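The following exercises concern one protein chain. Each sets a task and then works through the solution step by step.

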Amino acid sequence: MATTNNKPWWKTFLTPGWVIAALLIAAFSYFAFTFLAPWQLGKNEALVERNEHIERAFDSDPIPFDPSAEEWSRVSLTGRYVPDGEVLLRLRPVDRTPAFQVLTPFALDSGDTVLVNRGWVPAEDGGTQVPAIEPAPTGRVTATGFLRADEGVHPTPPMHDQGHDMVYSISTEQVSELSGLNLATPYVQLAAGEPGELQAIPLPQLDTGNHLSYGLQWIAFGILAPGGLIYFIWAETRERRRFREEQEALLADAPLAATPIPNAPAPEPASHVAPAPRPRYGSGKRNPWAASYDRQEER
C-alpha cells in the first residue's frame, strides 16, 4: 500500500523562492516602519507646528526684535538700513519665477544689527541678469517682519557678479563675513507694505498637504506586506493538504491487483475504474478551442 509524505509542513517553505520572498518583505516592512512612515509623519508634524506659529503671530501684536522668540513671530525693527552690506540671494525662484532676493542689514537703535530679507525682484534675460533694484530707505524707519531661522552656510561659495555679492543660502554667518558686520541670528523676513519692501516673499499656505495620509499608507503597507505573505503560506498549505487527501482517497478506491490462478477463467472487465487524479492547480478540462482545432484536423 502506498504511503504519503509525512514531511513537516514548514519544511515545504524552506526553498530559495520562499526564503527570498520572506527576506524582501521583512526588509520592506522594516524600511516602511523605520524610515518612510516617520519621514512623512515628521514632515506633517513640522508643517502643523509652522502653521500654529504663523497663526499665533497674526493673533498677537508685533514684539521688539528678540532672537530667542520662536520662528514666524512678528517683530518690529526701529533703526536704519545699511545698504553697503547688501547681498543678493541667487537661484531661489519665487512663485516659479526666476528671482533674486535682496538681503540688507538693518542697524537697530538698540545697537544690534539684523539681516532683513526685503523681498524679491524678477530676474531678467532668462533668470541670469540682475534688474534695477530700488534702494533701501536712508533715514530712520520702523518696519515689521517675521523671524526666520538661519539656513546655514551653503556648500557653494559666494560669488561677485554684476556689481553685487551673491550667496546661495540665507546665512547670517556668511553675510557677516561678506559685509564685515556682526549680524544677529535669526534674520527677519520683511512683511508686505513695510518700508524698504520690494516684492514681499509670500507666506506659506496654512495646510499640511498629503504627508499625514502618505505616512499612514506606509504604515499600512508595512502591515499588509507580511500579512500577504502569511496568506499565501496558508493558501499553499491548504492546497497541499487538499491535494494529499485526494491522492489518498484515489489510492484507497483503486481495485487491488489479484494474484493470477492457473487455468482460471478470465475475469470480467472491472466495472469500476479509479478516476484519474485531479491536477493540483488549475482545471483538468480540455481547452474547447484546442478540441475544435483537433476536429478540423480529423476532417
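**Exercise 1.** With which residue does Arg92 form a salt bridge, and how far apart are the closest N and O atoms?

*Solution.* The structure is a predicted model, in which local features need pLDDT of at least 70 and side-chain atom pairs count only at pLDDT 80 or more, while totals for chains, interfaces and linings use all residues. Residues are numbered from 1 along each chain as its sequence is written, and side-chain values use heavy atoms, with hydrogens and water left out.

Step 1. A salt bridge is a side-chain nitrogen of Lys or Arg within 4 Å of a carboxyl oxygen of Asp or Glu.

Step 2. The partner of Arg92 is Glu151, and their closest N and O atoms are 3.0 Å apart. This pair links distant parts of the chain, 59 residues apart: Arg92 belongs to the loop between E3 and strand E4 (99-108), and Glu151 to the loop between strand E6 (141-148) and E7. Helices (H or I, at least four residues) and strands (E, at least two) are DSSP runs, numbered from the N terminus.

Step 3. Buried means under 20% relative accessible area, exposed over 50%, and partly exposed in between (1.4 Å probe, protein chains only). Arg92 has a relative accessible area of 25% and is therefore partly exposed; Glu151, at 36%, also counts as partly exposed.

**Exercise 2.** Determine which residues the salt bridges of Arg242 join into one network.

*Solution.* Step 1. Arg242 forms a salt bridge with Glu239, with the closest N and O atoms 2.2 Å apart. Both residues lie in helix H3 (residues 211-253), three residues apart, about one turn of the helix, and both are buried.

Step 2. Glu246 also forms a salt bridge with Arg242, here with a closest N and O separation of 2.9 Å. These two residues of helix H3 are four residues apart, again about one turn. Glu246 has 25% relative accessibility, so it counts as partly exposed.

Step 3. Through shared partners, Glu239, Arg242 and Glu246 form one network.

**Exercise 3.** Which residues stand opposite Met166 in E8?

*Solution.* Step 1. Two strands pair if DSSP finds at least two bridges between them. Strand E3 (residues 87-89) pairs with strand E8 (residues 164-167) in the parallel sense over two bridges, and Leu88 stands opposite Met166.

Step 2. Strand E7 (residues 159-161) pairs with E8 in the antiparallel sense over three bridges. Here Met159 stands opposite Met166.

Step 3. E7 and E8 form a hairpin with two residues between them, and Gln162 in the turn has a positive phi of about 55 degrees.
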